[in-house]
Each structure stands twice: as C-alpha cells, then as structure tokens.
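Hi there,

Here is the structure I said I would pass on. Have a look first, and my notes on the cores and salt bridges follow below.

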Amino acid sequence: MADGKILIEKLIRYSEKFLHLNNLDEEYIRNLLLKEFNIETPYNGDADFSEIEKMAVPDELVSEIIGYAKGNSVCAEGEEELFAAHIFGLLSPLPSEINAEFFRIKEESGISSACKYLYDISVMNWYVRKTDIDKNLKWEFKDGDNVLEITINLSKPEKDNKDIAKLLSLKNTGESYPACALCKENEGFKGNLKKPPRSNLRTVTVNLGGEEWFVQYSPYAYYTEHCIAINRKHSNMNVGANTCEKLFDFTDIFPNYFIGSNADLPIVGGSILNHEHFQGGGHILPMRKAPIKYGVSHKKYPLVSGGVLDWYNSALRFTSKSRESLSSLGAEFISFWKSYTDEEVNIFAEKDGKPHNTLSPIASKNGDEYTLELILRNNITTKEYPDGLFHAHPEYFNIKKEGIGLIEAMGLFILPGRLKRQTSEIEKILTGERKYCGSIKGDDELAVHSSMIKELTEKFGTKLTAEEAHGKVVDYINATCKSILECTAVFKKDGKGERAFKKCLGQFGFEIK
C-alpha cells in the first residue's frame with residue numbers, strides 16, 4: 001500500500017512539473033490533498049522525488065492513488081477510479097486559467113503550441129488515457145490508390161457484472177445531471193457508476209456560428225489529437241444551412257485541424273444524436289487523401305472548384321479561397337440533398353413523414369484555401385435490410401454491426417475489442433491448434449463467425465502456419481471493411497449508380513467536366 005504522505009508529495013512535484021502548479025499554491029494544494037486522503041499532517045522527510053519528472057504518463061501515480069483509496073476507505077468501494085480522477089481534477093488548472101493560457105499561447109506562439117498545451121495537460125492529468133489508447137491494434141490496408149486504416153479498439157473499459165449490478169441500487173430521481181456525456185456541465189463532474197468521471201476534464205470556449213461552443217480532447221482518442229467541438233447548448237445534432245459556417249469558424253481558429261459533423265439521423269449518424277458536436281484533430285484521415293474522380297463546376301460559384309471523390313461511398317470535395325462562396329455552396333447543396341429523391345436507386349428524401357437524406361460535412365484549411373467535403377448519407381430501411389439499406393449488410397455484422405459514423409465513413413474503422421479474442425481463436429482453427437468439424441455450436445462465442453470460418457477453412461484448410469493464419473484473418477477483415485463502406489454508398493459504383501449520381505449533380509446545377 002502506498003504511503004499517503006509521500007504520495008501527496010509526489011503529486012505536488014508532478015503537478016509543478018506537468019500541470020503548471022504555481023509554487024504559491026503549493027501549501028493550499030497540499031492541504032486539499034491531506035483532506036482528501038484523510039491525513040492529519042504532511043510528510044516531513046528528505047525522500048528523492050527526481051523520478052517524478054521523468055514520467056511520460058501519470059499511470060504509476062494513478063495506481064498508487066487507487067491502491068491507497070482501496071486500503072484506507074477514502075471513497076466508496078468500486079469508486080476508486082472516480083477518486084483518482086477527482087484528485088487529478090484538483091491538481092489541474094481551473095477552467096478559467098486553462099482558457100486564459102490557451103489563448104495567450106495562441107496569440108504569442110500560434111495555435112499549434114496552444115493545442116499542445118491543452119493536449120499535454122489532458123494526457124498528464126489522466127483525462128486522455130494515452131496508455132489505454134496505445135493498446136489498440138492498428139494496421140493499414142492499401143487498396144489501389146486508397147488506404148483504409150483499421151483499429152481494434154481495446155482502450156474503452158468494459159464494466160464487469162459487479163458494476164452492472166450496482167446500477168440497480170442507484171435511485172432514479174427522474175433527473176439527469178449532466179444531461180448527457182457531452183454537456184459543458186461535465187467539466188469537473190465527479191461521475192458515478194452510470195456516468196464516467198470528468199473531474200479532470202478541461203475545455204476551451206470558442207464562438208462558432210454566433211454560438212458558444214467549447215473544445216476538448218477525446219479521452220479514448222482514435223487518432224492524433226482527436227478533439228471534439230461541442231455546442232454549449234444541449235440541442236440535437238443538426239446538419240443545416242449554418243453548419244458550414246460553424247465548421248469554417250472552427251478552421252479559422254484551428255487551421256491545424258480538420259473538423260467534421262456526423263450526420264444528424266440514426267443509423268448513419270454517430271452514437272450521440274441528442275447533443276450537437278463535431279469531431280476533428282490533427283490526423284489526415286484516408287478519405288482526405290482520395291483523388292478526384294471527375295470534376296464539377298457551377299456557374300453560380302465560379303470561385304469554387306471540386307468534384308466527386310474516387311472513394312468507396314458517395315462523397316464530394318470542393319476548394320476555394322473564398323470562404324463565403326464555399327459556405328454558400330455547401331448550405332445550398334445540403335438543402336438540395338435533403339429533399340432529393342431518385343426512386344430508381346432507392347433514394348427517398350422522406351417516407352411517412354420521416355426524413356432519410358442527410359450529409360456528413362467536413363472542413364479544413366490550408367493557408368488561405370478552404371476545403372469542404374460532403375459525404376452523402378441515407379438511412380432508409382427495407383424488409384431485406386431492416387438495419388439500413390445503406391448500412392453494413394448482415395453478412396458483415398460479425399465484424400462490424402454498429403453505425404458507420406463520420407470517422408469510419410472517412411476510412412478509419414473502429415472495430416469492437418471482442419475481435420482480438422475471437423480472431424485469435426479463428427487463427428487457431430486455421431493452424432489446426434483448435435479442432436473444427438465444419439460447424440460451430442450456437443452457444444460458442446465464435447458462432448457469429450460461422451460463415452467466415454467456413455469460407456477461410458474451405459479456401460485455406462487448417463494447416464497454416466501462425467503467420468499465414470493471421471494474414472488470412474486480417475485479409476478477411478480488410479475486405480469486409482471495404483465492403484461495408486461500399487454498402488454506405490448511396491450511389492453505387494456500377495453504371496446505374498454512376499449515371500444516377502451525375503443526374504443528381506446535374507439537377508443541382510453542376511456541370512460535369
């Protein structure tokens with residue numbers, strides 16, 4: 001068990017080094033920690049704390065805090081991680097200090113330095129779980145001129161049965177605070193068994209489209225400096241006439257990041273539709289590298305150039321040095337697409353009063369040139385495809401059943417953590433280490449992969465080397481991810497789909513080059 005007095009001194013030294021603790025506040029913070037750790041008097045000795053300054057992440061200190069909490073009953077059983085986050089929240093600069101310092105650095109040293117300031121604090125105060133993120137499995141799939149990035153997400157913790165059982169004992173007051181996981185009220189929120197800790201969350205406030213928004217980093221990032229821009233108001237996702245203006249406002253503040261919006265409808269949207277937000281960051285996602293397949297122009301927007309992307313789904317890219325022209329085109333096309341119907345290719349703007357067409361718009365900036373990319377989406381369901389006609393089809397559900405949001409539509413797949421365990425067992429079948437008699441019992445975890453296993457064993461047998469087996473499984477996942485993106489294309493890549501796409505563009509007023 002950690003010595004609480006020494007642990008407090010470690011935390012103070014750590015905060016001075018990595019969390020900008022002013023030495024004038026040292027006694028104050030020490031007294032706060034003494035209270036939290038239920039200790040009467042501070043450490044009075046000459047221990048060596050030099051190793052603290054070499055830390056790249058706070059994990060060792062987190063473990064000591066959790067261990068101390070378990071051994072000294074300073075928090076309720078099962079809430080040790082909440083307690084650790086709370087401690088790092090106390091050690092982090094106040095939100096007002098974060099904002100003042102962020103914009104001071106931006107003014108004096110540029111936006112990249114300001115972002116590094118906020119990101120480094122978010123890592124070192126244990127909000128961005130870098131060690132967990134680094135556990136994710138990652139690889140690239142080169143497919144002709146395009147590349148898909150594929151990850152198996154191992155970073156998000158799964159609740160065990162004890163945690164789930166405890167949820168039943170929590171009183172339901174009929175109120176929810178914060179209203180959702182994205183609300184500004186999460187900043188400093190201790191968390192509970194239902195809601196994750198946000199004591200150590202820090203954000204910066206910005207103005208987008210005349211509204212107050214705030215920007216933070218994702219605790220379980222999918223790529224470099226994965227940030228989230230969130231509307232201060234708890235309002236539903238909305239891709240509308242002013243969305244492009246908001247996105248370009250963001251790129252004017254953060255020209256070092258791309259920013260994009262999930263679609264605002266279920267199936268084709270993200271996992272949170274009840275709070276307007278964007279996702280962005282410093283990574284160049286695969287779709288942004290895709291070439292133009294053919295160009296288009298519009299007489300009304302002579303300052304804008306662009307065309308249809310050579311990409312798996314139906315996407316457009318436009319560039320211009322005139323933000324006003326590009327934003328106007330984007331707003332007009334969003335309105336046009338939301339009301340567009342072409343029954344010959346199963347595109348219906350609405351049925352039974354329910355809208356089905358929407359988009360995922362993405363903005364970026366390079367020097368004085370703006371870029372706007374638009375991914376066309378439709379969430380209609382049919383008897384054959386009750387989970388969505390333009391969603392992953394059932395034969396691919398063993399790999400990915402969840403919705404294909406902005407990040408995946410742009411070519412970075414986030415696959416469920418179960419696949420690491422399951423594919424390892426499939427590889428054992430391909431090497432003969434695990435017996436396979438041509439079928440999998442329904443209660444076996446691999447039953448969901450029955451078709452995959454049948455296909456792989458019929459093609460390659462069960463005497464592969466471990467390396468060969470792994471390669472065949474990865475190839476299967478790669479091909480599946482590609483097929484899922486093709487499922488999401490509202491205009492298919494065959495002749496009928498291409499003609500329908502050009503027809504749509506022509507009705508908007510585009511001339512095909």
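Let's begin with the inside. The largest nonpolar core has 101 residues, and the ones with the most contacts inside it are Leu11, Phe37, Phe88, Phe254, Phe333, Trp337 and Phe491. By nonpolar core I mean a set of buried Ala, Val, Leu, Ile, Met, Phe, Trp, Tyr and Cys residues joined through side-chain atoms within 4.5 Å. Buried is under 20% relative accessible area, exposed is over 50%, and partly exposed is in between (1.4 Å probe, protein chains only). The element that gives the most to this core is helix α6 (residues 111-124), with nine residues. Helices (H or I, at least four residues) and strands (E, at least two) are DSSP runs, numbered from the N terminus.

There is also a second, separate core of 46 residues, which includes Phe397, Ile404, Leu412 and Val473.

A word on where this comes from: it's a predicted model, so local features need pLDDT of at least 70 and side-chain atom pairs count only at pLDDT 80 or more, while totals for chains, interfaces and linings use all residues. Residues are numbered from 1 along each chain as its sequence is written, and side-chain values use heavy atoms, with hydrogens and water left out.

Leaving out residues up to four places away in sequence, Phe37 touches Leu7, Ile8, Leu11, Ile65, Tyr68, Val74, Phe83 and Ile87 (contact means heavy atoms within 4.5 Å).

Now the charged pairs. The count comes to 34 salt bridges, where a salt bridge is a side-chain nitrogen of Lys or Arg within 4 Å of a carboxyl oxygen of Asp or Glu. Some to look at:

- Lys54 and Glu51 meet at 3.2 Å, N to O. Lys54 is exposed at 61% relative accessible area, and Glu51 is exposed at 53%.
- Arg104 pairs with Glu101, with the closest N and O atoms 2.6 Å apart. Both sit in helix α5 (residues 95-109), three residues apart, about one turn of the helix. Arg104 is partly exposed at 36%, as is Glu101 at 26%.
- Glu511 pairs with Lys299 at 3.9 Å between the closest N and O atoms. Glu511 is in strand β16 (residues 511-512) and Lys299 is in the loop between β8 (292-297) and β9 (305-309), so this pair ties together parts 212 residues apart in sequence. Lys299 is exposed at 73%.

Finally, Glu245, Asp249, Asp252, Arg323 and Lys365 are linked in a network of salt bridges.

Cheers
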